[in-house]
Amino acid sequence: MTGLIAVLAFDELWKVGKYVYYGLLASQNRGQDRYFAAVSDGEKLNVFEDDLNYLQINGSKLLNSNGHVGIGGTFTSNELHRVKYSYLREGWVEVAVIVDGIVDKDLTTLCRDLIKLMKSGNSLAEAFAEVVKGIHGIYSLICLSNRGELIAYRSTPGLRPLHIGSYGFDLAIVSTESTPISILGGDLKRSVRPGELVCITPEYVKSFTIKDNGRPALCSFEYIYMARPDSILDGIDVYHVRKSLGYQLASKFKHDVDIVVGVPDTALPYAIGFATALNKELDLGFISTGSKLRTAIKEDPKDRLIGIQLKLNPIRCVLSRRRVALVDDSLVRGVTIKNVVQILRNKLGVKEVHVVIGSPKLRFSCPYGMEIPPSDELLSANLDEALSTKYVEADSLTWLSAENVIELFNKYGVNLCLGCFLRSHLIG
Amino acid sequence: MKVVVLGDGSREHTITILLSRSCISPKIYVLSSYRNPGLKKAAEDSGGQLFRCNILSPSEVKGIVDELSPDLIIIGPEEPQFHGVVDTLVDGGYAVFGATRKLAEIEKSKVFMRDLMWRFKIPGRLAFKAFTDVNEAMEYIENAGDVVIKPARQAGGKGVKVIADLQAYLSDIKSEIRREYAKKLISDVMTHYTDIDYKLLIEERVDGVEYTLMTITDGHTVLPLPLVQDHPHAFDNDLGPETGGMGSIQGPGYILPFINQQEYQESIEIIKSTLKALQTVVNDRYVGVLSGQMMLTPIWGPTVIEFYSRFGDPEVVNLLHVLDTDFLDIVEAAVSRKLASIKLKVRDDLVTVAKVVSPKGYPNNRRVAKGHPISVDEGLIRSNGCEVLYAGVELGSDGNLYTTGSRIATILCSGSNYKVVSDVANKCAELIKCIDGWDTFYRSDIGSESLVSERMRLAEAVRDVYTYRRKNNLVSIKVDWIPGRGATIYDYR
């Protein structure tokens with residue numbers, strides 16, 4: 001996945017490098033391996049890219065870069081990150097572009113097409129409005145020219161989020177999720193509408209509707225796993241969604257337990273909702289070691305396992321000889337949960353382990369850019385409930401149904417893509 | 001009857017239209033620094049005339065006024081007040097609607113204003129410190145955290161820097177900006193003005209919903225007008241730099257959808273107490289307009305951000321469609337100290353939306369925004385039930401209209417609900433264009449359902465906090481402390 005961030009100062013007194021830097025740090029939940037950033041001073045673009053682990057060690061060039069407008073993106077290494085961003089200079093025009101999602105056009109070609117149109121007198125926004133006609137995909141995109149023109153586009157039907165915020169009279173901030181906006185001290189203003197192109201310069205902010213076909217749809221997996229729990233996506237609090245799903249989960253749970261624990265960090269809001277509804281004690285089951293790692297988006301199985309074990313050191317006095325409900329947000333391959341269950345049983349002597357999953361059975365990969373493994377690697381696509389329960393070595397395994405999720409989102413009046421659970425992918 | 005109106009913009013254009021509606025049909029003479037086509041037409045239609053002059057020069061203004069010997073003079077903007085134009089005219093024996101120099105200090109000097117509020121314990125005051133020395137100001141800024149930097153003198157509404165600082169990791173860049181900004185303010189803005197001792201004002205920063213309360217006074221009676229909300233950000237969704245105001249909403253009735261009757265009453269009380277304190281200190285009688293730029297904050301509820309010694313622009317434009325009392329009667333009553341005899345009639349079945357159209361480049365790069373020829377389809381705008389009030393537009397010697405680099409004009413629209421009114425205003429704003437292809441812009445979101453309901457949500461959250469804190473006696477003191485320099489205590493009680 002990709003976390004997009006863009007910052008523009010209306011007053012050229014500002015240098016935004018530091019804002020882009022902290023924006024990238026706040027977008028690591030969407031990509032923790034590489035970063036790309038470009039900063040413009042109105043005349044030229046300075047470009048920065050590296051392993052994201054080195055950002056805090058040698059990000060000083062970005063931090064001190066001269067320029068009142070900048071963009072940045074964080075990427076996972078298991079996507080071909082080259083396809084997610086591009087920078088091109090031809091003659092006196094430079095363009096940098098970053099994409100979250102999938103597009104059918106090579107980004108260097110996209111930059112070339114933009115530059116060609118800009119050289120014949122078009123603004124970046126005018127050039128993009130033309131070029132976008134030839135792009136198919138499900139994506140959000142930010143793009144910056146050396147002249148300091150910033151554009152942000154969110155494709156229909158809106159599966160990849162994009163938000164606009166501001167800091168007083170001074171800054172405009174564009175970000176995939178709302179959290180980086182508040183981390184930068186700003187206020188969330190609104191989400192970019194599906195099919196909307198927003199262009200921002202110190203002299204104007206303009207919005208164009210490029211495409212307006214059909215009802216917007218939001219990605220359920222953003223709410224369930226991808227987004228930070230402190231984000232608000234399209235006006236809906238992610239934390240509230242997760243807690244509510246946890247609450248609903250309790251009605252499907254048929255067992256008695258002594259204690260509820262959540263797998264850190266994503267599952268904690270689910271565990272809170274679940275324990276509240278069951279009226280059971282919620283406790284801290286595990287402590288992480290090292291930096292926060294998002295295990296499910298690691299490509300290498302061994303890396304994943306190392307990640308799991310480092311972030312899940314159990315607290316003995318909480319778990320030992322108890323009947324435990326173990327809450328997780330989703331069940332992908334089942335490796336994490338199996339590993340945790342084994343630790344609980346073998347090292348801590350837990351009496352019963354009931355695994356509770358805050359989402360429906362995950363059975364299909366995502367054609368729209370959400371990094372979900374292919375079907376043959378998804379536990380629920382290959383084993384039935386009984387076998388899955390045995391595989392993860394739990395005493396019971398409970399999922400939410402897709403209806404539970406739909407019911408919740410109906411309350412918000414939003415249309416949801418549940419393709420990874422139901423295969424009924426919304427769009428072609 | 002002859003009336004002189006002093007000023008250039010859409011505020012003065014509004015005043016001339018209000019006057020021309022009077023059953024007395026006065027002859028209107030306008031004293032203006034450029035040929036605003038709206039003011040020119042309003043003056044000529046009434047049988048009067050527009051005179052170009054330096055409106056800041058008391059002697060030049062008095063020279064023309066002596067020729068005209070008008071029955072009444074209305075002062076639009078604040079700068080002529082600061083320059084003593086009112087004092088000279090009053091000394092000359094004229095009936096003037098506008099604050100004298102000393103009374104206008106309430107707008108001109110932020111230090112005087114805050115000081116007055118603390119001295120007389122007027123509610124809605126904010127902690128502040130004033131500085132003449134840049135280095136001292138810098139030292140204070142470094143320790144102050146979340147503050148607003150203002151030029152100590154009113155400088156056309158420009159120059160206020162609100163720099164919220166709650167993120168330590170971004171503090172150094174903000175300190176740098178603030179330092180740079182304070183220096184720039186002193187060199188750019190404050191050196192133009194030698195009429196004030198203090199240079200900078202550092203004030204505690206508050207968050208909340210802003211609104212404007214304009215009142216008319218004869219020094220005794222205070223006549224509160226309906227509340228109006230201005231939109232200072234240049235672009236939609238409250239993005240972009242600060243402007244003189246990109247539009248305003250009003251109604252229905254005296255309050256706004258997000259400010260309740262009690263908050264309105266409390267705001268009026270703040271203005272009344274301030275007026276009383278001001279007249280005591282200055283020992284003069286205030287005749288004219290006293291407006292409060294207010295904010296509903298968690299600390300106080302109604303809180304004063306600034307005072308204006310004049311009508312807000314564009315705020316006064318909104319009144320054009322809802323004021324049912326003869327405006328000339330009101331002004332005459334004020335100057336003859338009989339304002340208590342006026343019963344204000346305001347239409348409460350309407351809401352009004354004013355939208356300002358500006359040239360690209362405004363507000364930060366006015367040089368490029370200046371000198372573009374424009375066309376205004378007044379006929380079509382009127383047929384939509386809207387009105388155009390001209391601002392930064394000059395009638396050139398070739399008969400064409402040209403931008404001055406500032407806001408071009410204000411469109412006023414009214415109707416039964418905000419959404420419809422806002423949509424019609426948007427349509428009309430499109431009818432003001434630069435003929436040479438230069439871009440213009442306006443805020444399509446002013447008066448929209450989403451923005452109004454956003455304000456309602458924010459006000460509700462603020463109201464919840466301040467009413468709770470009042471009820472539980474949690475309004476107390478604020479302590480400022482610079483390590484090594486001792487503490488300053490601000491008592492809000």
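This is a predicted model: local features need pLDDT of at least 70, side-chain atom pairs count only at pLDDT 80 or more; totals for chains, interfaces and linings use all residues.

Modeller: Residues are numbered from 1 along each chain as its sequence is written, chains are lettered from A in the order in which they are written, and side-chain values use heavy atoms, without hydrogens and water.

Biologist: How are the rings of Tyr139(A) and Tyr153(A) arranged: stacked, edge-to-face or tilted?

Modeller: Rings of Phe, Tyr and Trp (its six-membered ring) pair if their centres lie within 6.5 Å; planes under 30 degrees apart are stacked, over 60 edge-to-face, and the rest tilted. By this rule there are 20 aromatic pairs over all chains. The centres of Tyr139(A) and Tyr153(A) are 5.7 Å apart and their planes stand at 50 degrees, so the pair is tilted.

Biologist: How many residues apart in sequence are the parts that this pair, Tyr139(A) and Tyr153(A), ties together?

Modeller: Strands are DSSP runs (E, at least two residues) numbered from the N terminus. Tyr139(A) belongs to strand S7 (residues 137-145) of chain A and Tyr153(A) to strand S8 (residues 150-154) of chain A, so the parts tied together are 14 residues apart.

Biologist: Is Tyr153(A) buried or exposed?

Modeller: Buried means under 20% relative accessible area, exposed over 50%, and partly exposed in between (1.4 Å probe, protein chains only). Tyr139(A) has a relative accessible area of 2% and is buried. At 1% relative accessibility, Tyr153(A) is likewise classed as buried.

Biologist: Over which ring does the charged end of Lys206(A) sit?

Modeller: The criterion requires NZ of Lys or CZ of Arg within 6 Å of the ring centre and within 35 degrees of the ring normal. The charged end of Lys206(A) is 4.4 Å from the centre of the ring over which it sits, that of Tyr204(A).

Biologist: What area is buried between domain 1 of chain A and domain 2 of chain A?

Modeller: An automatic or database assignment sets the domain bounds, giving domain 1 (2-214) and domain 2 (221-422) in chain A. Buried area is the accessible area (1.4 Å probe) that two parts lose on being put together, summed over both. Carbon and sulfur atoms give 46% of the area between domain 1 of chain A and domain 2 of chain A, which is about 1900 Å².

Terms used. Helices (H or I, at least four residues) and strands (E, at least two) are DSSP runs, numbered from the N terminus.
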